[in-house]
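User: Hi! I am new to this structure and would like to learn how to read its features one at a time. Could you walk me through them?

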Amino acid sequence: MVDRSGQKKPGPVLPFWQRVAGALNPVNWYRKDPALWRESGTAYLYLLPALIILGIFVFYPFFSAFYISLFKWGILPPRPYIGFANYSYIFNDKYFWRALWHTFYYVIITVPVTLFLAILVATLLNKGLRFLSFARTSFFLSYISPIVAIAMVWRWMYNADYGLINYLLSLLNKLPFVHIDPIAWLNDPRYSIPALIILSVWHYVGYHAIILLAGMQNIEQQYYDAAKVDGASGFQTWLHVTVPLLTPQLFFVLIMSLIGSFKVFTEVITLFNGPGPLRSAETIVYYILRMSGRIDSATMHLGRAAAGSVILFGIIFVLTIFQMTVTQRRVHYQ
Amino acid sequence: MAVGCAIMLLPFFWMVTTSLKTEAGAMRMPPQWIPPEPQWENYVVAWNMAPFGRYFFNSFFIAIMCTIGEVITTILAAYAFAKMRFIGKEVLFAIFLGTLMIPGEMLLVPNYVTLTRLGWLDRYEGLIIPWIVSVFGIFLLRQFFRSIPDELWDAARIDGCSRLRYLWRVIVPLSKPAILTVALFKFLGSWNSFQWVLLMTNTESMRTVPVGLMTFSSDIGTAYHLLMAASVMAIVPILILFFFTQKQFIQGVARTGIK
């Protein structure tokens, strides 16, 4: 056997059992690097507050959700173990599938529309307008305002009889061949999800645009100079320089909004003051929290709600894994 | 772009203008863009129709406590991760980052059970303590702390400075912008937080502004002029905060996209 490092071997080779005992002896662990152990003690003291809080309110409930989901868990004990009955209840509940469908419908439109408008807005902001900071602020206001206050004004604007939106639509009737009847945005089940989508796009577009704008401002001028030398038009430059170099931010925004939209809840309950007409705007998180008995004065079934939470985690987990694979494969431009 | 700005600002304009109308004026068709006689007393009426004073106190108190708590725990943890050697560092950091993948909505039900057991339902403890740590904040500050050269610590140690003192006197002042960003986002998040407060409180006296506004809206029915006045009141504190710290806010958001 060749000693690759060529260094002197430390000490005589001990019998096997002695080496095992040495490796298992904590005193030896300490002796190997005493400074590391002393510093570890201090470090864990610094980490202690964070560890305690995360332990109680993040790590423990994460596992506890799986545990609770296996029990029939009402307000008062007894809380018997019932295996996977909560899951089979959910999978056999038509309202779960409806909630899933509503959520998909909402996500599949909200995410691309928000992203598209955000790119558009970021591009325009990047042109360096005179009123840049005013424009940026006006796009940011919707994001920082509490959703409840936002939802209240939209509830008012969606009002079928006196709402601003139906009024503006009615102005279009003055054009030839156009006839728009007033829409019962919040009372007609067909319009529940569209009403929710409009509110959400309005609420999030500015936030996404600011992130994309920062990405655009980070692109080095030399790429644009090169494009100019090659005689590229403004649109060509945007399509072949800006967009490809923006992929890290685009993916970030895409995934954040995908995951965020899946968890939509506050917008629903505040806009409709409930799950919408005939539960037509009930989403996954709404469905879960309804089973918890804390909203809509529903009966408390914490076991079912926990099972729903686990299913939600499954969906988000798949999305996150997908994001990680795609990011590693695709986003390596700069 | 002008159209875009108009669409973004129209709901805010409509909120303010409605809040200054009479009930009949709000229901007029075609709508009045500017009310002929601004009804400022709508704000007084709305304020007195629900315990908004209490709601505002709760919101401010909770947001401030959450922010202070979070800044402390986050600075300590971020410092350990950025500048100290300890056993299990990589594993622990990976676990911390892993928690970012857990949707908060998944934890609501088990946390409700925990708060019930602790007797923290409907109490400030339950609204503050679970929120005084943010993994994202730890991550952000760690990145910032790492950029501070270690020579400073060596010099301070020779002068007999303790770690805690060094952290407080050197690292924290040097990292003010990053800490301010973390604090701002915590305050904003806490002020706007809705889901948690809705689930973890039962009584009126523990409600915050958003949840109070929500119950107010179901109590008053169609008095939209008063509802809009209350909504304006809920937004104003955030607006004031935003206008004073706009730069930090926008940089903070921008930074989340560029890693």
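Predicted model: local features only at pLDDT ≥ 70, side-chain atom pairs only at ≥ 80, totals over all residues.

User: Which residues of α8(B) are buried?

Analyst: A general idea comes first: an α-helix has 3.6 residues a turn, so residues three or four places apart point the same way. In α8(B), the buried ones are B:V135, B:G137, B:I138, B:L140, B:L141, B:R142 and B:F145.

User: What do the buried residues of α8(B) pack against?

Analyst: Their partners come from both chains: α3 of chain A, along with α4 (52-83), α5 (89-98), α10 (163-174) and α11 (176-192) of chain B.

User: Then how many residues of chain A are in contact with chain B?

Analyst: On the chain A side there are 73 residues, in contact with 70 residues of chain B. Helix α3 of chain A, residues 34-68, gives the most to that side, with 20 residues. By class, the chain A side has 52 nonpolar, 17 polar and four charged residues.

User: How is chain B divided into domains?

Analyst: Chain B has domain 1 (1-39) and domain 2 (51-257). The C-alpha centres of these two domains of chain B lie 34 Å apart. Their contact takes eight residues from domain 1 and seven residues from domain 2. On the domain 1 side, α1(B) gives the most, with four residues.

User: Now the backbone. Which peptide bond in chain A is cis?

Analyst: As a rule, most residues other than glycine have a negative phi, and most peptide bonds are trans. Here the bond from A:P77 to A:P78 is cis, with omega near 5 degrees. A:P78 lies in the loop between α3 and α4 (85-91) of chain A.

User: What is the phi of A:N273, and what is the phi of A:S297?

Analyst: For A:N273, phi is near 55 degrees, a positive value in a residue other than glycine. For A:S297, phi is near 50 degrees, also positive in a residue other than glycine. A:N273 sits in the loop between α13 (266-272) and α14 (284-291) of chain A, while A:S297 is in the loop between α14 and α15 (302-330) of chain A.

User: Why does A:N273 count as partly exposed, and why is A:S297 exposed?

Analyst: A:N273 counts as partly exposed because it has 16 C-beta neighbours inside 10 Å. A:S297 is exposed because 7 other C-beta atoms lie within 10 Å, and the cut-off for exposed is 12 or fewer.

Notes: Residues numbered from 1 in each chain as written. Chains lettered and ligands numbered in written order. Contact = placed C-beta atoms within 7 Å. Helix = DSSP H or I, 4+ residues; strand = E, 2+ residues; numbered from the N terminus. Nonpolar A, V, L, I, M, F, W, Y, C, P; charged D, E, K, R; others polar. Buried ≥ 20, exposed ≤ 12 C-beta atoms within 10 Å, placed from the backbone. Domains from an automatic or database assignment.
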